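Here is a briefing for a reader who is meeting this structure for the first time. Please look over the sequence and the model before reading on.

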Amino acid sequence: MRAGWPLGGSALSETVMTTPATTPKVLVVEDDGSLRGAVERLLGLAGFSAAAYGSAEELLAGGLGEGVACVVCDLRLPAMSGFELLAALRACGSRVPLILITAYDEPGLAAEATRRGAAGFLVKPFHGTTLDE
């Protein structure tokens with residue numbers, strides 16, 4: 001089992017396998033503009049359609065839209081956190097998998113993410129291929 005993934009493998013790979021033959025769309029929520037752009041480009045190179053947002057509020061204001069396979073979200077954002085975004089999505093009935101990323105790994109944080117329903121948990125910096133493994 002891969003560290004950080006509750007069930008081994010990755011949320012992206014497992015989601016893609018169950019998504020129709022269209023290009024899977026991944027939404028990225030990251031307040032660091034350079035990292036946001038890098039993750040968006042990385043996902044594009046891996047064959048995903050990606051859209052990036054600077055905040056959880058920005059994503060919620062625009063709605064998930066159709067064909068979203070997964071959300072990759074920073075845990076610590078200036079206003080609404082990744083945990084709060086996850087709760088907001090679940091409260092409105094969305095079951096889209098959400099992978100949390102953070103630069104602040106603390107004991108028990110990955111377990112807390114899993115308990116709250118995150119599909120995965122990654123610590124920054126991570127290798128470019130880690131999202132697609």
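**Briefing on the predicted model**

Five bridges join strand β1 (residues 25-29) to strand β3 (residues 68-74), and the two run parallel; strands, here E runs of at least two residues, and helices, H or I runs of at least four, are taken from DSSP and numbered from the N terminus. This is a predicted model, in which local features need pLDDT of at least 70 and side-chain atom pairs count only at pLDDT 80 or more, while totals for chains, interfaces and linings use all residues. Residues are numbered from 1 along each chain as its sequence is written, and side-chain values use heavy atoms, with hydrogens and water left out.

**The sheet**

- Taken together, five strands form an open sheet with parallel pairing, in the order β2-β1-β3-β4-β5, where two strands pair if DSSP finds at least two bridges between them.
- β2 (49-53) and β5 (120-123) stand at the edges with a single partner strand each, so one side of each is left without a neighbour in the sheet.
- From one strand to the next, the twist averages 20°.
- Strands of a sheet pair through backbone hydrogen bonds, either parallel or antiparallel.

**Helices against the sheet**

- Helix α2 (residues 33-45) lies across β1 and β2, and runs at about 170° to β2; axes are lines fitted to C-alpha atoms, for helices over the stretch in contact, and angles run from 0 to 180 degrees between N-to-C directions.
- Helix α4 (residues 82-91) packs on the sheet and touches β1, β3 and β4 (98-102), its direction making about 170° with that of β4; contact means heavy atoms within 4.5 Å.
- β3, α4 and β4 make a right-handed β-α-β unit, a crossover being right-handed if, with the strands pointing away from the viewer, the path from the first strand over the helix to the second runs clockwise.

**Buried cores**

- The largest nonpolar core has 24 residues, and those with the most contacts inside it are Val 71, Leu 85 and Leu 100; such a core is a set of buried Ala, Val, Leu, Ile, Met, Phe, Trp, Tyr and Cys residues joined through side-chain atoms within 4.5 Å.
- α4 gives the most to this core, with four residues.
- A second, separate core of 10 residues includes Val 26, Val 39, Leu 43 and Val 72.
- β3 is mostly covered, with seven of its seven residues buried; buried means under 20% relative accessible area, exposed over 50%, and partly exposed in between (1.4 Å probe, protein chains only).

**Confidence**

- The protein averages a pLDDT of 83, and 78% of the residues score at least 70; pLDDT is the predictor's confidence in each residue, from 0 to 100.
- Confidence is lowest in helix α1 (residues 11-18), at a mean of 48, and highest in α4, at 97.
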